[in-house]
Amino acid sequence: MSLNAGLTMISESDIEKHRAVAQSMVTRLAVLEADGRGAGAPIAGTGRRFVSTVSTGGMRRSREVELAKTIAAVRPGDPLLSPAQHQLLYRARRGIEIALAVADVFARQTELEQLQARNATAPLSGEAAERFKALLSASAYVAAFTLAAYLGAMLAGEGEPADDTDEPDYLFDTAQDAAKSLVAGLDRAIAGAADDTALIARARAFARVALEGLIGRKARFSGLSSFESAHIRIEQDDFTLNGFDVAPGQKRKPLSMTFKKPTDIVGNHIAKYQALRLAKMLMAYDFERQMNPFVELGGFLFTFIGDGMPGTGKTMLIQMLAGLLDDYCRVAGYPFHYENFGVDQISSYQGKSGQNCKDFVNNVVNPRAIGFGTIDDVDQVAAKRSDDRASAGQHEVTAVLMESFAGASTVVRGNCTFGMFSNYPENVDDALRQRAGARWLVDGPQSRADYVDIFALLVGKNHSIPLGEHALLAGQEIKQAVSTSYGQHALPQEDGLLTIWERYEKAHGKMATLADVGTYLHMIKEVEPRFTGRAIKNITDAIKMRAMDVDLPDEWFATPEVFMHKSYDEKKGMIEELRGPITMEMVLQEINRYADSEFRYADKSDDAAVADIIRRERLRERAVEEIEAMKREGKWG
């Protein structure tokens, strides 16, 4: 076992010494279980069970558990185990070995190992005996938690999880007793599985139920505080324990994606620029403090929404941001997790869509990795709460995303960001859309120069056609393009907002104070009721982000020592030195950018509603004409 920057690596030799015990547990063991689990014998012909009037709640009954035989019984006609059967048997044995090895680590890192040695020579008494008993139970809890977490992480399988799985009859006397109780519970959960798919689904469900039960019992144990901050890794299995944090789902797969460079994207200047800055912001995250200086200083972007017409470059922006983060994380040696939540994770099973979405969020917010989560076509994945034609699964996803992005338990550490993307943002629930801290208008190429650039870029070099009078990609120079794009928002872009702006200037003149800004915001609110306090918070966050519009030098990310591996306070100081002041110009641009997006969404929503009404009226007129024709021909009625 070696310690390295807080990470405990357990060697294979420390795991293998528990193999004989683990093998015996999966082969045959005897356990004492609480009586009454069978709920009584069935009464013939009634569909009911006989329940004794004598209480047996305190009684325990011995049971022999042969996990290997239970697993083999799933395919009784075949003497060999299938890959799925072998996977479960091997992972169960391997999990027991690791659980006992982790319990050994816990004993060494606490007083338990010394107390065990003293108790072996002479029985402990008094306060020492109480402390020994408490630490022994805590060690058993740690072993049970490790085994359940290992099974949950290592068992790969498809299909809906079983929902009729019972908790194991936990034993917390010693680490071996705890492992035995989980093996007995696993045996009971998988008994009678119809096939391999059901076998693995039941085992995964058991691991989940066992973990939930353990987490609910954690407060009963003293002495677990030292394990809360433990980082234990089993390299061979790619399995990491981070205290009692449960990272749901399977092991992370290597990121497989076609990355794009910023030079591959033409147009979308503000969105591209903010994506470049966001990638560098995320890399300021401090793993030891589990906090990002940009969260403390202001301007960190936890959620954003990108909207635009089909084909304007939303997918390319995702590929660019993921590629930048992947590159930076490779340089720094940090784990990086990208995940997309899409329509394929909407399930017909009640509650499963919400569970999938919560797993997605938990995977991305894991504080031990840099995370980037996307919800592409969010209008199809998450439904408006008023939409009664949407599926129950879509409504579940809306509720989970709203709670996760700005709920009572939301903690923004600054290690991850979520991007929602849509061609039809007006179809996204208002409350969910307002939880997006920034709005990226993905409008693609706009100017003549943009179209020359994109055509020259995509047509490639396999030709000798002259370029003509054009400075290739000169207009894509990021600082110049962004300055021009921000400058466009000195005045509102949408007609509805421009009317309010002109009405304000006519009545009050040019805006110069915070009171003027407040008056303008109130006038917007009177016209657009959805312009709530959350909208003001999003605007002020965007203003702070502009003030933190510091161009972190590329040299800071070329090698990890220059910036990424420095302490939290050092990184915070380096960033503060680059920070600029908030200006009125900046304030007005950000108000107009945000309010423009709200008016754009409202206009699109109204246009869609008007188009729907016109279509219905045309159909009604056509129906009336056809009915009259049928009446004239005597075919009606």
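Accessible areas here come from the Shrake-Rupley method with a 1.4 Å probe, and for residues only the protein chains shown count as cover. On that basis the chain exposes about 31800 Å², of which carbon and sulfur atoms supply 53%. This is a predicted model, in which local features need pLDDT of at least 70 and side-chain atom pairs count only at pLDDT 80 or more, while totals for chains, interfaces and linings use all residues. Residues are numbered from 1 along each chain as its sequence is written, and side-chain values use heavy atoms, with hydrogens and water left out.

**Overall make-up**

- The chain has 23 helices and 13 strands; these are DSSP runs numbered from the N terminus, with helices (H or I) of at least four residues and strands (E) of at least two.
- Of the 637 residues in the chain, 47% are buried (buried means under 20% relative accessible area, exposed over 50%, and partly exposed in between, with a 1.4 Å probe and protein chains only).
- Among contacts in the chain with a separation of 6 or more, 78% are between residues 24 or more positions apart; contact means heavy atoms within 4.5 Å.

**Nonpolar cores**

- A nonpolar core is a set of buried Ala, Val, Leu, Ile, Met, Phe, Trp, Tyr and Cys residues joined through side-chain atoms within 4.5 Å.
- The largest nonpolar core has 76 residues, and the members that touch the most others are Leu88, Ile96, Leu186 and Phe227.
- Helix H6 (residues 126–154) gives the most to this core, with 18 residues.
- Apart from neighbours within four places in sequence, Ile96 is in contact with Ala22, Met25, Val26, Leu147, Ala179 and Val183.
- A second, separate core has 64 residues, including Ala275, Leu325, Val428 and Trp556.

**The five-stranded sheet**

- Five strands in the order E10-E11-E12-E9-E13 form an open sheet with parallel pairing; two strands pair if DSSP finds at least two bridges between them.
- Strand E10 (336–340) and strand E13 (438–441) are at the edges with a single partner strand each, so one side of each has no neighbour in the sheet.
- Neighbouring strands of this sheet are turned by 20° against each other on average, direction ignored.
- E10 is joined to strand E11 (residues 370–376) by five bridges, and the two run parallel.
- Tyr338 stands opposite Phe372 in E11.
- Helix H12 (residues 314–332) packs on the sheet and touches strand E9 (303–307), E10, E11 and strand E12 (416–422); its direction makes about 170° with that of E11.
- For such angles, axes are lines fitted to C-alpha atoms, for helices over the stretch in contact, and values run from 0 to 180 degrees between N-to-C directions.

**Aromatic pairs**

- The structure holds 20 aromatic pairs; rings of Phe, Tyr and Trp (its six-membered ring) pair if their centres lie within 6.5 Å, and planes under 30 degrees apart count as stacked, over 60 as edge-to-face and the rest as tilted.
- One of these is the edge-to-face pair of Phe304 and Phe421, with 5.7 Å centre to centre and 85° between the planes.
- Phe304 lies in strand E9 and Phe421 in strand E12, so this pair ties together parts that are 117 residues apart in sequence.
- Both Phe304 and Phe421 are buried.
- Phe302, Phe341, Phe360, Phe405 and Phe418 form one aromatic cluster.

**Positive phi in loops**

- Gln290 is not a glycine, yet has a positive phi of about 50°.
- Gln290 sits in the loop between helix H10 (269–282) and helix H11 (293–297), and is buried, with a relative accessible area of 17%.
- Asp377, also not a glycine, has a positive phi of about 50°.
- Asp377 sits in the loop between E11 and helix H14 (378–381), and is partly exposed, with a relative accessible area of 28%.
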